[in-house]
Amino acid sequence: MNEVLKIAYDALDEKKGENIKIIDISEISVIADYFIIVNGTNSNQLDALTENVEEKLSKAGVSSGRFEGMNTDWRLLDYGDIVIHIFTRDTREFYDLERIWSDGKEVEV
């Protein structure tokens, strides 16, 4: 497994991110190689998940990515080859990225 994926996964898990999924989309899209999808229970937890990922990846020397959706129910952290989607539970169910990207391969941690 890609070391950056592992760091991001561990950062999300450390802050109790729910139902963390990693999907390898490298063979079906040029957008990125991987999506990480996770949800939290409220906006405070979404903030904590976002901040912990940013901090851990920064400490590992990963350049800061583009961030969108701060203060919304869907945070997107774009690190180029890895795009991290942090949702509230309802928003995750509504957009259902796992279904949309079901041609990708789920990566086990």
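A search of the whole structure finds five aromatic pairs, where rings of Phe, Tyr and Trp (its six-membered ring) pair if their centres lie within 6.5 Å; planes under 30 degrees apart count as stacked, over 60 as edge-to-face and the rest as tilted. This is a predicted model, in which local features need pLDDT of at least 70, side-chain atom pairs count only at pLDDT 80 or more, and totals for chains, interfaces and linings use all residues. Residues are numbered from 1 along each chain as its sequence is written, and side-chain values use heavy atoms, with hydrogens and water left out.

**Aromatic pairs**

- The ring centres of phenylalanine 35 and tryptophan 101 are 5.1 Å apart and the ring planes stand at 80°, so this pair is edge-to-face.
- Phenylalanine 35 belongs to strand β2 and tryptophan 101 to the loop between α4 (97-100) and β6 (105-107), so the pair ties together parts 66 residues apart in sequence.
- Helices (H or I, at least four residues) and strands (E, at least two) are DSSP runs, numbered from the N terminus.
- Phenylalanine 35 and tryptophan 101 are both buried; buried means under 20% relative accessible area, exposed over 50%, and partly exposed in between (1.4 Å probe, protein chains only).
- For tryptophan 74 and tyrosine 95, the ring centres lie 4.7 Å apart with planes at 50°, so the pair is tilted.
- That pair links distant parts of the chain, with tryptophan 74 in strand β4 (residues 74-78) and tyrosine 95 in helix α3 (residues 89-95), 21 residues apart.
- Tryptophan 74 counts as partly exposed at 25% relative accessibility, and tyrosine 95 is partly exposed with a relative accessible area of 38%.
- One aromatic cluster is formed by Trp74, Phe87, Phe94 and Tyr95.

**Overall fold**

- The protein has four helices and six strands, and from the N terminus on its elements run α-β-β-α-β-β-β-α-α-β.
- A compact globule of 109 residues would have a radius of gyration near 13 Å, and the protein agrees with 13 Å; the radius is taken over C-alpha atoms, and the globule rule is 2.2 Å times the number of residues to the power 0.38.
- The C-alpha trace spans about 35 × 35 × 25 Å along the principal axes of the protein.
- Of the 109 residues, 40% are buried.
- Among contacts between residues at least 6 apart in sequence, 58% join residues at least 24 apart; contact means heavy atoms within 4.5 Å.

**Helix α1**

- Helix α1 (residues 3-14) has 12 residues and reaches 16 Å from its first C-alpha to its last, close to the expected 16 Å, a span defined as 1.5 Å times one less than the number of residues.
- Its buried residues are Leu5, Ile7, Ala8, Tyr9, Ala11 and Leu12, and their cover includes β1 (18-24), β2 (34-40), α2 (43-59) and β5 (82-88).
- At the start of α1, a side-chain oxygen of asparagine 2 comes to within 2.7 Å of the backbone nitrogen of valine 4.
- Just after α1, lysine 16 takes a positive phi of about 65°.

**Threonine 88**

- Threonine 88 is in strand β5 and is buried, with a relative accessible area of 13%.
- Not counting residues up to four places away in sequence, threonine 88 touches Asn39, Gly40, Leu46 and Asp73.
- The side chains of threonine 88 and threonine 91 make a polar contact (2.8 Å), meaning a pair of N or O atoms within 3.5 Å; within protein, one must be able to donate a hydrogen and the other to accept it, and residues adjacent in sequence count only if both atoms are side-chain atoms.
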